[in-house]
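Colleague: Please take a close look at a single part of this model. I would like one connected account, with cut-offs.

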Amino acid sequence: MSPSENETGARFAVVGNPENRRVALFARAVTAAGLPAPRVVPWTGVLRHGRAEFAPGEIVRVDSPGENAEVDRLLRGVDDPTRVEGSARWYTRFLTAVGGLRGGVRLDDPDELAVLFDKRRCHAVLDAAGVPVPYSPTSGPAGASVGGWDDVRLLMRERRMPRLFVKLAHGSSASGVLAVEAAGGGRIRATTSVELAPDGRLFNSLKVRRYEREQDIAAIVDTLAPDGLHLERWLPKASQHGRAADLRVLVVAGRATHAVVRTSAAPLTNLHLGGSRGDLEAARRAVETAGGSWAGALALCERAAACFPRTLCVGVDLLPATGWRRFAVGEVNAFGDLLPRLTGLPGSGAEGLDTYAAQVAAVLRAHPALRPPARPQSIRHTQHRTGPDHALA
C-alpha cells in the first residue's frame, strides 16, 4: 500500500477505521486548520497486506483500530467482537502491523506503543522514572508471573493486597478488568464488566456486575491468564458527590491540555460503563482546599507523558487519593484522546480547542512550513504556553 501520485503531497495521513468517529473528528480538525483532509489508510488494508507506505512529507497519525468487527477479527482471531479473550494475539498482530508502516513523519513511536500497550512494562517505566503508581507485583521483567487464580490468591496473601485490580496486560477500555476484594471469613468478591457465560466463555458487557462465588471469579481469571495478567493494589480514591472519582488528563506535546473528571458508583469509572463526567472545577477546588496543588497534579501527568517523548499525545489516568491531596498515575493510554466536546484547560495553550485541534496546532507549531497562508481564527489567535514539542522530529 503506497500513496498514489495525487496523494504524495498530502500533509496528514491517518491509519484508522474510515467510518470511525475518531478519524472523522481528527479530519475535521485538520480541515478546520485550513489544511487538506488527511489521507485515510484503513486498518483492514494494513493488516491484510502487512504494510503501508507514506510520502516523506506526510505527517502520520496511528489511530485506534477499535470499533470495527473485521479489524477486531484480524487482530484477535475471534468472530464475536464482544468476546474478551485474544488480547495477547491482538498485541502481537498490532505491533507487527505498526512495524509495517514505512515513511512519513510519525506522531507516535512504535517502540513506545509496545510499552504503552503492555501494562506491566508501562508501570515499570513510570515507576523507574519516579512517577507515583499503585504497587504492582507483576511490574517489569522481574515481576511475578500469574498463571491463574491460585497465583492471584497467593500474591494477595504474600504481598498483603486484600484489595487489588486484576487487569489484562494488553487490555483497553476496562476489558477484562476485575476489582477484587477479600471480605470477612475468607470470602472473595469481584466487580467487573466481564460476563461469564454458562459454557465458560467471557464477554464484555456494558453492565458492571459483582461476582461473590470464588469459583466464578477463579473461572474468569483462569480463562484470562493465558493472555497475560497485571495486578495492582487498589488505592482508595477520592469521591465527588458520593461517587468514586478519577481524571483522564490529555497531554499533547508535553503539556497537559485537557482534563475530565470521571465518576462512578462502581470501582470502574469508564464512561462507557455507566460512569459520568464530574465537575472539574469542583475537583480543582477540592485539591487546593486540601492543601494540594492542582498545577502539581497536571505536572505529574506531564512527567508521566515525558516517559514517552516520541509520542505526540497520551491520555493519563490520574488517581486522586481520598481527600484530594495526593495523586498516583494509574495508566498512560496511547488512544486516550476521544473526549468529545471538551476544550482546553485555562493556561494550557489549547483554550477553545478540542483534543484533536490541539494536536493539529502542536504539529503546526513544530512544522511552520505546513501552515496554510490564511489560518482559521480559532488557531491563529490561540496563545500557547512555551514548552517542547514532542514526537514531531
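Modeller: **A strand and its partners**

Strands β10 (residues 239–240) and β11 run antiparallel and are joined by two bridges. Strands here are DSSP E runs of at least two residues, and helices are H or I runs of at least four, numbered from the N terminus. Two strands pair if DSSP finds at least two bridges between them.

This is a predicted model: local features need pLDDT of at least 70, side-chain atom pairs count only at pLDDT 80 or more, and totals for chains, interfaces and linings use all residues. Residues are numbered from 1 along each chain as its sequence is written, and side-chain values use heavy atoms, with hydrogens and water left out.

Back to β10. Its Ser239 stands opposite Ala244 in β11. The two strands form a hairpin with two residues between them. In that turn, His241 has a positive phi of about 55°.

β11 itself spans residues 243–252. Eight of its 10 residues are buried, so the strand is mostly covered. Buried means under 20% relative accessible area, exposed means over 50%, and partly exposed lies in between (1.4 Å probe, protein chains only).

Next comes β12 (residues 255–264). Nine bridges join β12 to β11, and the two run antiparallel. Arg248 has Val260 in β12 as its bridge partner. This hairpin also has its turn: two residues lie between the strands, and Ala253 takes a positive phi near 50°.

β11 also pairs with β14 (residues 313–320). That pairing is antiparallel, over six bridges. Val252 stands opposite Cys313 in β14.

Ser264 counts as buried because its relative accessibility is 5%. Contact means heavy atoms within 4.5 Å. Leaving out residues up to four places away in sequence, Ser264 touches Arg243, Ala244, Thr269 and Gly275.

The side chain of Ser264 also makes polar contacts. A polar contact is a pair of N or O atoms within 3.5 Å; within protein, one must be able to donate a hydrogen and the other to accept it, and residues adjacent in sequence count only if both atoms are side-chain atoms. The side chain of Ser264 reaches the backbone nitrogen of Ala266 at 2.9 Å. It reaches the backbone oxygen of Leu268 at 3.2 Å.
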